[in-house]
Amino acid sequence: MIWRIILWGSLIWLPYLMYRVLGGEAKFTKNIVVGVTMPFEGREDAEVCRRLAKFKKELGIVCAVLTAAVVPCVFIRSVSLSMTLYLTWADVCIVIPYIPYLRCNRDLKRIKRSRGWAAERGDTRTVDLKAIQEPHGISAWCFVPAIALALLPLVSERVMWAIYAANAVGAASCLACFRWAFRRRAELVDADTDLTNTLTRIRRRSWERIWLAAAYGLALVSLAVWLSDGNPVRSLLGILLASAIVVIAVLRIEFKTRELQARLTESSGRGWYADEDDKWLGGVVYYDPHDTRTVVNCRVGSSTTVNLARPSGRVLAGMAALILLAMPFTGALIDAVTNRPTSLELTNTELVAYCGDKSAYRIERADIESAELLDELPEHLVRSVGTGAENLLKGDFSAAEYGRLKLCLDPTCPPFLLVECAGGETYLLGSRTEGETEVIFGEIGA
């Protein structure tokens, strides 16, 4: 029950986040509301206000239903089914709230056309980006300690080296994304050049802080895994805590950016104002064949999106869509992996433990010093690296009674064969074939 509470608790905040992000777009920011650009008088229009209130109500109902749907899922015992429902629910939480958003966007565009608020086509303004003063912000050297902290556990522990190395590479990638912020275009809202410069500096500073928070978050993940001392529960809780810290920090930066953008543009839209609604399908998807960039700024906040008019943009969007579509099948994949047959084979020269069609361990018979048959798993068995499913334990584990162990067994199919070797390695093996473990034990004794 505990692991299910941790699992669902790790994403229970997602509907609330979608409500905050999408619901926040019901407030005029840079003359934009729910993806539609409007003049200043649109802020007081009665029909616009009624539609925005209806949108927030619909969005709130959707997010409340999605949150309530978690309750029965917590009581499902199957790991594979729980993962399938968990990742399917995550997909639904990301997609479904956009339905009331797109409906509202459509209605606001209809109101905009009926009022004659659409900006004149071909009316453009240019901004000299070189005139924008670079903020005296974060130095690239601030990322170096994060990379070093991600690798710090390697000083004393090498079992989880792949995780530490991946986190260090991720922190270095955050540095690359941090530098990329200064190649984005200016935040053009209206004819006020000073306002454009200020909004551009705010976005750049927010972008810097977001990637710095992500880099140190990856360092915290490495430290959490290291300090958990191989305990999977402590490791998972540490990773979730580190992730929560990063998510909260990033969201605070994002919402603060939106708040500043709204405050600085609260009187904009009286004269000329930038209107790019024709390039934003549904207010969400950017499509402009005349724009040579693949990645562009979202109009509100500090995030980015891709230009679907570019082949590279379509590739990136397709990859993201495939990941979302593949997520619900993770449970079926886990089920297929953990239900592979485990078996043992003893030849004249070696003992082989199989997981599926491949051998997990090969032990020379000459190296076997002792063998013991256990009816139960050792107490306080802790996984260091490997698979820890309800019906498959495979990888490096440890137990107070035996120290470090290499496992390949189904915990629901006792007995288990404990083998100690001359090199100091200890194996705990099992078979799903009834009676096979006992036969192998008898042959080793003979």
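Predicted model: local features only at pLDDT ≥ 70, side-chain atom pairs only at ≥ 80, totals over all residues.
Visitor: At what angle do the axes of H7 and H9 cross?

Guide: Axes are lines fitted to C-alpha atoms, for helices over the stretch in contact, with angles from 0 to 180 degrees between N-to-C directions. Helices are DSSP runs of H or I with at least four residues, numbered from the N terminus. Here H7 (residues 144-151) and H9 (residues 193-227) cross at roughly 15 degrees, and their axes come within 8 Å.

Visitor: Which residues make the contact?

Guide: Contact means heavy atoms within 4.5 Å. H7 contributes Pro-145, Ala-146, Leu-149 and Ala-150, and H9 contributes Ala-215, Tyr-216, Ala-219, Ser-222 and Leu-223. By class, the contact of H7 with H9 has eight nonpolar residues, one polar and no charged.

Visitor: How many aromatic pairs does the whole structure hold?

Guide: Rings of Phe, Tyr and Trp (its six-membered ring) pair if their centres lie within 6.5 Å; planes under 30 degrees apart are stacked, over 60 edge-to-face, the rest tilted. A search of the whole structure finds seven such pairs. In one of them, the ring centres of Trp-8 and Tyr-86 are 5.4 Å apart with planes at 80 degrees, so the pair is edge-to-face. Trp-8 lies in H1 (residues 2-9) and Tyr-86 in H5 (residues 79-95), so the pair ties together parts 78 residues apart in sequence. Trp-8 and Trp-89 are also edge-to-face, with centres 5.8 Å apart and planes at 70 degrees. Trp-8, Tyr-86 and Trp-89 form one aromatic cluster.

Visitor: Is Trp-8 buried or exposed?

Guide: Buried means under 20% relative accessible area, exposed over 50%, and partly exposed in between (1.4 Å probe, protein chains only). Trp-8 is buried at 2%, and Trp-89 is buried at 7%. Tyr-86 is buried as well.

Visitor: How do H1 and H5 pack, and which residues meet?

Guide: The axes of H1 and H5 are 11 Å apart, at an angle of about 15 degrees. That makes H1 roughly parallel to H5. Trp-3, Arg-4, Leu-7 and Trp-8 in H1 meet Val-79, Ser-82, Met-83, Leu-85, Tyr-86 and Trp-89 in H5.

Key. Residues numbered from 1 in each chain as written. Heavy atoms only, no water. Helix = DSSP H or I, 4+ residues; strand = E, 2+ residues; numbered from the N terminus. Nonpolar A, V, L, I, M, F, W, Y, C, P; charged D, E, K, R; others polar. Parallel < 35°, antiparallel > 145°, perpendicular 65-115°, else oblique.
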